[in-house]
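Subject: Handover of a structure

Dear colleague,

Please find below the structure that I am handing over to you.

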Amino acid sequence: MFTPIELADGIYSVGCRDWDIRDFHGYYIPEGTTYNAFLVTGEQNILIDTVKSNFKDELLANISRIMDPKNIDAVISNHTEMDHSGSLSAIMHKIGEDKPLYCSKMGAQNLKNHFNREYNFQVVGSGDTLTLGNRTFSFLETRMLHWPDSMFTYMPDEKILFSSDAFGQHYAGDKFFDDQIGDYIMPHARKYYANILLHFSPRVQTLLADVAKMNLDIRMICPDHGIIWRKDPSRIITAYDRWSRQEPVNKALVIFDSMWESTTKMARTVTSGIESEQVGVRLMNTRKWHRSDIMTEILDAGAVAVGSPTLNNGIFPVIADVLTYIKGLRPQNKLAAAFGSYGWSGEAVKILNKEFEEMKWETVDPGVKVLYVPDEDDLKRCFDLGATLAKKLKEKLNA
Amino acid sequence: MDKYECPCGYVYDPAEGDIENGIDPGTAWEDLPESWVCPLCGAEQEYFEKMD
């Protein structure tokens with residue numbers, strides 16, 4: 001529990017900090033997260049979003065520090081995912097199930113599918129304006145950013161945007177605003193983008209263009225996770241523009257796993273080859289790096305080399321895990337190359353090349369496969385593979 | 001011509017097509033190229049349902 005924070009006159013942050021969570025559906029969050037919910041008080045009292053179900057008592061306690069939760073007149077649900085809707089049934093039970101629940105068209109469908117109940121759904125869409133007492137809200141549907149139901153709520157008088165998961169970060173700490181935390185928050189925001197929103201980058205571009213056209217004056221952005229952007233909301237908008245363009249930088253990754261250290265030797269040599277061409281490189285062992293941290297590095301990398309031994313005619317299980325995860329998030333504009341050691345059949349390189357093709361990554365070389373343990377000639381081929389990948393990246397960046 | 005709805009809520013309306021992705025207005029559902037997927041969520045055509 002924390003003392004509710006007044007964001008503007010009568011508008012409070014009443015959410016909860018989850019200090020303990022580390023695994024957020026497969027995304028590693030070393031500093032926990034927050035589930036932000038917002039209470040707008042006035043002639044009517046409106047709750048925007050809720051928190052994960054195991055925090056419902058804490059949410060109610062936070063609200064109680066400001067007012068009796070029973071006096072909430074309406075709820076706005078920007079997003080159905082359970083970290084934001086999990087306490088909805090508790091809230092609706094408390095305030096009366098006949099109270100209006102404002103959400104998008106897909107929100108109404110998805111909430112029904114989650115709670116199996118007919119609440120008093122009031123569907124709102126892009127451009128709709130709603131006046132409740134002395135407060136005005138407008139809405140912008142942001143379908144597939146990042147669920148079909150996702151929407152933004154904007155308060156034109158206060159110039160506050162409640163942006164659901166967009167612009168969020170998984171961080172729980174003693175800081176609540178961008179001006180308190182400074183640059184420290186940006187790697188968290190970047191990781192969030194890479195792991196949650198990257199897949200929908202073309203939609204982010206469209207959304208940013210739409211918001212620019214609407215000429216919205218945004219004084220504060222309140223996402224559903226992490227800190228609130230009040231000093232400089234444009235900073236995170238500019239970052240989203242950059243990340244969603246997926247423009248590659250002069251940086252390569254070598255992602256690998258190994259069985260008897262042969263592929264490790266190859267990976268280190270590929271890395272040297274990349275560095276010999278003055279391209280920045282990071283060597284990432286999939287047993288040491290969490291898939292979500294690899295994903296964050298993928299975001300702006302221009303080139304990716306993947307190494308896997310062949311195990312039982314396939315690629316290594318951990319490499320398959322990481323590739324499945326990366327593939328789902330659809331990173332674009334990558335050059336790629338594969339390598340790996342094998343004992344008899346050696347399918348791994350072929351499988352990796354097929355994965356690159358399916359991800360629409362440009363494979364720059366057929367790849368290097370080595371029987372058992374690499375000798376000097378084999379390592380020379382690995383070095384050349386790295387150098388070729390780096391040269392192609394430099395050519396692409398200079399084109 | 002029939003409209004088709006994606007599980008994510010996107011509706012393919014043949015009258016509008018999907019210009020951003022190279023589908024001209026007037027293109028019937030049956031005439032969409034196999035490679036066309038939902039422009040919002042990426043679901044393949046087999047997941048769409050015909051609307052009443």
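In this predicted model, B:Asp2 counts as partly exposed because its relative accessibility is 38%. Buried means under 20% relative accessible area, exposed means over 50%, and partly exposed lies in between (1.4 Å probe, protein chains only). The side chain of B:Asp2 meets that of B:Lys50 in a salt bridge, at 3.5 Å from N to O. A salt bridge here is a side-chain nitrogen of Lys or Arg within 4 Å of a carboxyl oxygen of Asp or Glu. The pair links distant parts of the chain, 48 residues apart: B:Asp2 belongs to the segment before β1 (4-5) of chain B, and B:Lys50 to strand β3 of chain B. Helices (H or I, at least four residues) and strands (E, at least two) are DSSP runs, numbered from the N terminus.

Residues are numbered from 1 along each chain as its sequence is written, and chains are lettered from A and ligands numbered from 1 in the order in which they are written. As the model is predicted, local features need pLDDT of at least 70 and side-chain atom pairs count only at pLDDT 80 or more, while totals for chains, interfaces and linings use all residues; side-chain values use heavy atoms, with hydrogens and water left out.

Over all chains, the search finds 23 salt bridges. One of them joins A:Lys251 and A:Asp300, whose closest N and O atoms are 2.7 Å apart. This pair also links distant parts of its chain, 49 residues apart, with A:Lys251 in strand β17 (residues 249-256) of chain A and A:Asp300 in the loop between α10 (291-298) and β19 (301-307) of chain A. A:Lys251 is buried, as its relative accessible area is 14%.

A further salt bridge brings together the side chains of A:Lys327 and A:Glu358 (2.5 Å, N to O). A:Lys327 lies in helix α11 (residues 317-329) of chain A and A:Glu358 in helix α12 (residues 348-358) of chain A, so the pair ties together parts that are 31 residues apart in sequence. A:Lys327 counts as partly exposed at 29% relative accessibility, and A:Glu358 counts as partly exposed at 41%.

Where do the two chains meet? The contact (heavy atoms within 4.5 Å) takes nine residues from chain B and nine residues from chain A. Between them the chains bury about 640 Å², 54% of it on carbon and sulfur atoms; buried area is the accessible area (1.4 Å probe) that two parts lose on being put together, summed over both. In chain B, B:Cys8, B:Leu40 and B:Cys41 lose the most area to chain A, together 62% of what that side buries. The chains share one salt bridge, in which the side chains of A:Lys105 and B:Glu5 meet at 3.9 Å, N to O.

The aromatic residues come next. Rings of Phe, Tyr and Trp (its six-membered ring) pair if their centres lie within 6.5 Å; planes under 30 degrees apart count as stacked, over 60 as edge-to-face and the rest as tilted. By this rule there are 20 aromatic pairs over all chains. The rings of B:Tyr12 and B:Trp29 have centres 5.9 Å apart and planes at 55°, so this pair is tilted. Both residues, B:Tyr12 and B:Trp29, are buried. The rings of B:Trp29 and B:Trp36 have centres 6.1 Å apart and planes at 85°, so that pair is edge-to-face. Ring pairs link B:Tyr4, B:Tyr10, B:Tyr12, B:Trp29, B:Trp36 and B:Phe48 into a cluster.

Chain A has 399 residues, of which 59% are buried, and its secondary structure comes to 13 helices and 24 strands. The largest nonpolar core has 102 residues, among which A:Ile236 and A:Tyr240 touch the most other members. Such a core is a set of buried Ala, Val, Leu, Ile, Met, Phe, Trp, Tyr and Cys residues joined through side-chain atoms within 4.5 Å. Helix α6 (residues 186-197) of chain A gives this core its largest share, seven residues.

Finally, two details of the backbone. A cis peptide bond, with omega of about 10°, joins A:Leu145 and A:His146. A:His25 has a positive phi of about 30° although it is not a glycine, and A:His25 counts as exposed at 54% relative accessibility.

Yours sincerely
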